[in-house]
Every structure is written in C-alpha cells, then in structure tokens.
Amino acid sequence: MIKILLFADLQEKVGKPELELKLEQITVEELKSELQKIYPLINLESVMTAVNEEYAMADDAIKSGDTVAFIPPVSGG
Amino acid sequence: MVDRYSRQMLFKPIGEDGQLKILNKHVLILGCGALGSANAENLARAGVGKLTLIDRDYVELSNLQRQQLYTEKDVHEQVPKAIAAKKRLLEINREVNIDAYVLDATPISLVPLLNDIDIVIDATDNFDTRLMMNDLLQKYQIPWIFGSCVGSTGMSYTILPKETPCLGCLLDRAPMSGATCDSVGIISPAVQMVVAHQTTEALKLLVEDKDSLRTNLVTFDLWNNYYHTMNVERAKKENCPTCGENPSFPHFSGEVSTKSEVLCGRNTVQIRTGRKVNLQELANRLQYVAPININDFLLSLEYESYRLVFFHDGRTLIHGTNSIEKAKTIYYQLAG
Ligand SMILES: [Zn+2]
C-alpha cells in the first residue's frame, strides 16, 4: 500500500486529501502517469514530489508503506 | 534602543548582540504586495537598519483586504505601493532607513540596488521573476527567502548560495502561474503564515544564527489543516545552470526590449518599453482623449472600456483586458 497526499488544487480536483494505492513498488514518474490516467483533470507535470518527507526525483523508487506527497508550487504573493 | 527592542532582546537567541546586528543590516524586499507589506512591517518594528523596497504597482481597493500597510487614502490617490509602504513604515519606526523604488524588477534595474544587501525577501507574485532572482542572487552570493501563497495555502524555503539547493534545483520545470490567483483568491492568514516563516528566517540570518535556519521546504494549507515539510538536501544538482559547477544563469539575460505580460488575476496587461516617459508631455497630448489623472508617479485615464496607467519608467498597465494584442493596440493608439 502506498499512501498519497494531495496538496492545494490537486486536493480539490481529486476531491479528497489522501489516496491509497495497492502497489508494491513503482517509480515517481510511473506513479504520476498512473494517477494522471485515473484523474485526467490533474496536472502533475510541475509538481514537486516528496517521498517520506524527502525530495524525490523522477526515477526514484517508491515502495509499499511509503508516503508520497505531491506539492504544486504556488506563485502568488 | 533598550526600551523599544527590550522584548526582542530578552529573547535569548537574539539578545543584545543580535539586536545590534539587526540594527546594522540591510534587507531588500522585492515586491510590496501582501508578503512584502507584512515582512516590511515586521522588520521595521524589529529595528532593521535599512530596508530597500521595490514594487512596480500602485495601491488598489482589492489590495486592502490583505496588504496591511495601505489605506483607503492610498487607493484614492493611486499611490505607488513602494511609496505608500515607506510612508507607513516611517510612521511605525522612523529610525529605519528606507529606500523605495517604483520599478519593474529586471537584472538591469536590480543589480545597482544590490550593494551592501545582506538578505533578500521574495515577495513577488510569479516564478519568472523568482527564477531571475534565483540567478541574480546566486551570482551575487546573497541569501534569500522564497515565499508564496494562494487560497489558504503557502510555502517557504531559505536559499543560501553555494550551500543549499537553489530554487531551480527544486523545480524541474518552471511552473506556470495558470490556475492560481485568477480563480482561487487568497485569505490573509495564508499571507501571515508565509510571512511568519520568512521573517523568522530573516531574523536568524540577521543575527547570524545560521545553525537555526530551517533547511527544508515548508508547505501548508490552513483551511484543510496540513503542514508538510520536505527535506531537500538531495535536490542539489551538480549540473544546475544556476548553482552548479559551471553556471550559465539562464534567467539572467539582461536585455530590456519591449515586453508584455498578462498580470495574473488582474484582467490587466503590462507593456514595458524600457524608455523613460515624460508624463506631463503625455498628459498634454492625451488631454483631449479623456480626462487625465496625474500625480508625481503616474498618469491614468479611462479609454473606451479600459483604464490605462502610465509610469515614468516606460511601463503601462492596461486594465480591462487579458489580451496582449488588444492591450498593445490600445497602447499604440494612445501612446504612439
Ligand atoms: Zn540549483
């Protein structure tokens, strides 16, 4: 099980703040494209990804038990 | 000094030594909107030696909900934000030395203002400007504190040149402003929360307490009750064009040609020519087109369903459209 935290407008578009996916292992990039398929409305292209509160890169592996956060940069000020 | 700053000096990590340091430091705040106002007020009250304020805009009614330095009078008189901010800050603490600049932030306009700047606070509202700052401040080795907010959310991160990953390292792709301020709006506590992080980091830097700096990126949503931190040590990229071994500073190309941009959430286009404008001359020319409002800083007029505001430095804001083409048409119709 991989836990996914959705922030800002992602949360709104998916309709909930958290998701759980039954997966054993997947890379960050693969997870993004999986989610994109399930939720075509969301845009994960320029979001930052944290795995267990640590910055993650596209080809980093995510394992069952990990918590992934997708953080869309906001620009206002 | 003792009375005025006594409560801050009682706070052990600052103390008397720290206060003396604060009194001798110079902070540049880029942007005098919501983040800029609140950071500037905090630092002026804290007794920072000198503040440089930069903003290209003037005060509007819709700013008052969250931009804490401004008043209805500023709206009525269309005072540029940097000027209105300086006036208010001096009422709060006249011991602070304040330089206010009404200008658009470009490498050419910023470089001369970076002399003796100890830190920069990001109070801009777009990533184009932030990535330009990211290059500029890496090049000039000035620490800065990123902050941004929208809706009930916000984020902040402290960047030390040569030490931490830079902003570009964290953002694989430059995010477009897109859906943010147009549709989502903002509540003032989101501003205050970002500012709490930015001012605190600024104070740590000012008293030279580097060990206490927060090294992670903070994201929060006050309405939906989350607070998330991300450790970013791994994000530093050796081949980063900004903070890597052979930087090319891609966002730092210094040309100032005519540039147009849609201002997010404002139904406004800005056109920038880079040529200084004599506002009185322009007023004389346009007086038969429409009633003209002019003060020391800007000239404004209503034209068809649009409102145009001309600044000395060659910028014009065209309110009432999001179309660059339409804006250019109107601009050239009037300014020639
Ligand atoms: Zn970098």
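How many aromatic pairs does the structure hold over all chains? The structure holds four, where rings of Phe, Tyr and Trp (its six-membered ring) pair if their centres lie within 6.5 Å, and planes under 30 degrees apart count as stacked, over 60 as edge-to-face and the rest as tilted. One of them is the stacked pair of Phe7(A) and Tyr226(B), at 3.9 Å centre to centre and 20° between the planes. This pair crosses between chains: Phe7(A) sits in the loop between strand S1 (2-6) and helix H1 (8-14) of chain A, and Tyr226(B) belongs to strand S8 of chain B. Helices (H or I, at least four residues) and strands (E, at least two) are DSSP runs, numbered from the N terminus.

A word on how to read the model: it is predicted, so local features need pLDDT of at least 70 and side-chain atom pairs count only at pLDDT 80 or more, while totals for chains, interfaces and linings use all residues. Residues are numbered from 1 along each chain as its sequence is written, chains are lettered from A and ligands numbered from 1 in the order in which they are written, and side-chain values use heavy atoms, with hydrogens and water left out.

**Where the chains meet**

Let us stay with the two chains. In chain B, 37 residues are in contact with 24 residues of chain A, contact meaning heavy atoms within 4.5 Å. Together the chains bury about 2,500 Å², 60% of it on carbon and sulfur atoms; buried area is the accessible area (1.4 Å probe) that two parts lose on being put together, summed over both. The interface of chain B and chain A has 14 residue pairs in polar contact (both at pLDDT 80 or more). A polar contact is a pair of N or O atoms within 3.5 Å; within protein, one must be able to donate a hydrogen and the other to accept it, and residues adjacent in sequence count only if both atoms are side-chain atoms. On the side of chain B that touches chain A, S8(B) gives the most, with five residues. That side divides into 16 nonpolar, 14 polar and seven charged residues, where Ala, Val, Leu, Ile, Met, Phe, Trp, Tyr, Cys and Pro count as nonpolar, Asp, Glu, Lys and Arg as charged, and the others, Gly among them, as polar.

**Two domains in chain B**

Chain B itself is divided into domain 1 (6-235) and domain 2 (259-335), with bounds from an automatic or database domain assignment. Their C-alpha centres lie 28 Å apart. The contact takes 16 residues from domain 1 of chain B and 18 residues from domain 2 of chain B. Between them the domains bury about 1,400 Å², 48% of it on carbon and sulfur atoms. In domain 1 of chain B, Arg56(B), Tyr58(B) and Gln78(B) lose the most area to domain 2, together 40% of what that side buries. Six residue pairs are in polar contact across this interface (both at pLDDT 80 or more).

**Salt bridges**

The whole structure has 18 salt bridges over all chains, each a side-chain nitrogen of Lys or Arg within 4 Å of a carboxyl oxygen of Asp or Glu. Two of these cross the domain interface of chain B, and one crosses between chain B and chain A.

| Salt bridge | N to O distance |
|---|---|
| Asp104(B) and Arg272(B) | 1.9 Å |
| Arg234(B) and Asp60(A) | 2.8 Å |
| Lys87(B) and Glu91(B) | 3.7 Å |

Lys87(B) and Glu91(B) are separated by about one helical turn, because they are four residues apart in helix H5 (residues 81-92) of chain B.
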